[in-house]
Amino acid sequence: MATKIQIKRSSEAARSPTSSDLDVGELAINVSDKILYSKDSGGNIFTVASGPQSYTLPKATATSLGGIKVGSNLTIDSATGVLSATDTDTTYTGSGLISIDGNNVISTTANNYSHPSGDGNLHVPSTGTTNAGKVLTAGATPGSLFWTTPASTYTLPTASSSALGGIKVGYVENDKNYPVQLLSGKAFVNVPWTGGMNYVSSTTAPSSPVNGDHWFDSAEGILYTRIDSNWVDVTTASAASGGGGGAMEFISKSTVTSPVASVEILTDFSLYDKFVVVASELKGSSNAFIHINFKIGGSYKTDASYDYTQQYLDVSGTNNAHYNTNNAVGGEVGLMGSSTANSCFTLNLLGFKNGHNKAYDCHSYQDIGSSSVFSRFVGIYDGDTGVVQGLKFSPDSGNFTTGKFTLYGIKDS
């Protein structure tokens, strides 16, 4: 009698063996689901084969394969499965505008098309041989078109102060009127710069000077230069230009046109023995005292080593004075009003070389509209004797809104 061999099995639907049920390569079957299982070397159960499954054919679409049904005018040969279409005459109409019968003939009763004749829907006029090279031009009335011959020449208009146009070169120089010249198609004016600002020798100052003008007072023998709307005596500086001492030389200028909390002046202060700062056209966001701080060793000094005294004459003619010691804010050097830009001061600075305390003497004018204050400030900073590297001016209230700060240097020898 033959030996019957059976593999592990189950009749319970949807049941599959676990990894512990099978050895590697051993088979098991679910006779209800008709699925044959086994186990791989990694201990995973996998399906070897499965029985027939039900299948539903999807419907065909424009992008997916699928089944279709036979409709009107289509037949399928049951023996060969060939699909055929039946051709029949059909008349198509389009809302009464046009009709086509089965023989592809337009009906004689179809509506004829009429092109719109209003403005913007016109036919292009016939070209013909006589219109060769002409351009289509719109007329002055709606719906009018005609061919015209384009202008063969163009006249460039002359340029004016209000209209674009052409210019000519070749102007001959006349006094301080200089001709326009061309270089690589670009226009320029070659001004022969000779001389400088205006120079006047007279016993009275010029009536309409500009900054930079020179005036030699022939009565006193003094040369002045116009700086910040003031005549500055430069006779000493001119005489010392050959190397002598006492010359006051311009170093730098800072102009305030918008609100700032402070104005900083940086230069090599070791090149001079004394300095003068002329501040003019000062105006602040509020009435304020102006302080000075010295930059030494890379930072501005704010320790309590500023000592100063102020003597001032107010609008009533009263003399006043006050003295401030050990001030950490800075030394007072001037005053400033907020109503007009007329406040100013002249500050003389001493002891800027290494090993000296920093001393100053300042004359100030404060314009506060209905009243004015004339002051003199004398002060010293004795907290550090190093070389000064910078000056910073700041109001004790608000900002500078306008002002000019000009620095001059003086050499003793």
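Good morning, colleagues. The structure before you is a predicted model, and every value I quote has been computed from its atoms.

Four strands make up an open sheet, ordered β1-β2-β3-β4, and their pairing is mixed. The two edge positions belong to β1, residues 8-10, and β4, residues 45-50; each of these has a single partner strand, so one side of each is left without a neighbour in the sheet. From one strand to the next, the twist averages 25°. Within this sheet, strand β3, residues 35-39, runs antiparallel to β4, and 5 bridges join the two. Which residue of β4 stands opposite S38? That residue is F46. As a general point, side chains in a regular strand alternate between the two faces of the sheet.

I turn next to strand β28, which covers residues 388-395. Of its 8 residues, 6 are buried, and the strand is therefore described as mostly covered. Two pairings of β28 deserve mention. In one of them, strand β18, residues 263-266, pairs with β28 in the antiparallel sense over 4 bridges. The bridge partner of I265 there is L391 in β28. In the other, strand β20, residues 288-296, is joined to β28 by 7 bridges, and these strands also run antiparallel. Here N293 stands opposite K392 of β28.

A further strand, β25, spans residues 343-350 and includes S343. Is S343 buried or exposed? With a relative accessible area of 0%, S343 is buried. A polar atom of the S343 side chain lies 3.2 Å from the backbone nitrogen of G337.

Let me now consider the charged pairs.

One joins the side chains of E12 and R15, with an N to O distance of 3.8 Å. Both residues fall in the intermediate class of accessibility: E12 is partly exposed at 47%, and R15 is partly exposed at 45%.

Another is formed by D384 and K301, whose side chains meet at 3.5 Å, N to O. D384 sits in the loop between β27, residues 372-381, and β28, while K301 sits in the loop between β21, residues 299-300, and β22, residues 306-313; the pair therefore ties together parts that are 83 residues apart in sequence. As for accessibility, D384 counts as partly exposed at 25%, whereas K301 counts as buried at 17%. The cut-off for buried is under 20% relative accessible area, and K301, at 17%, is therefore placed in the buried class.

The remaining example is the pair D361 and R376, which meet at 2.7 Å, N to O. R376 is partly exposed, at 39% relative accessibility.

A nonpolar patch of about 470 Å² is made by I68, V70, L74, I76 and L83. One of these residues, L83, belongs to strand β6, residues 83-85. What is the relative accessible area of L83? The value is 46%, so L83 is partly exposed.

A187 is located in strand β12, residues 186-189, and is exposed at 52% relative accessibility. Between A187 and V169 there are 18 residues of separation in sequence, and their C-alpha atoms are 9.2 Å apart in space. S201, in turn, belongs to strand β13, residues 199-202, and is partly exposed at 47% relative accessibility. S201 and W215 are 14 residues apart in sequence, with a C-alpha to C-alpha distance of 5.8 Å.

Strand β28 pairs antiparallel with β18 over 4 bridges and with β20 over 7 bridges. The loop between β27 and β28 holds D384, whose side chain meets that of K301 in a salt bridge. Thank you for your attention.

Conventions: Residues are numbered from 1 along each chain as its sequence is written. This is a predicted model: local features need pLDDT of at least 70, side-chain atom pairs count only at pLDDT 80 or more; totals for chains, interfaces and linings use all residues. Side-chain values use heavy atoms; hydrogens and water are left out. Patches are made of residues with over 30% relative accessible area and no salt bridge: like charges are joined within 9 Å, nonpolar side chains (Val, Leu, Ile, Met, Phe, Trp, Tyr) within 5 Å. Accessible areas come from the Shrake-Rupley method with a 1.4 Å probe; for residues, only the protein chains shown count as cover. A salt bridge is a side-chain nitrogen of Lys or Arg within 4 Å of a carboxyl oxygen of Asp or Glu. Buried means under 20% relative accessible area, exposed over 50%, partly exposed in between (1.4 Å probe, protein chains only). Two strands pair if DSSP finds at least two bridges between them. Axes are lines fitted to C-alpha atoms, for helices over the stretch in contact, and angles run from 0 to 180 degrees between N-to-C directions. A polar contact is a pair of N or O atoms within 3.5 Å; within protein, one must be able to donate a hydrogen and the other to accept it, and residues adjacent in sequence count only if both atoms are side-chain atoms.
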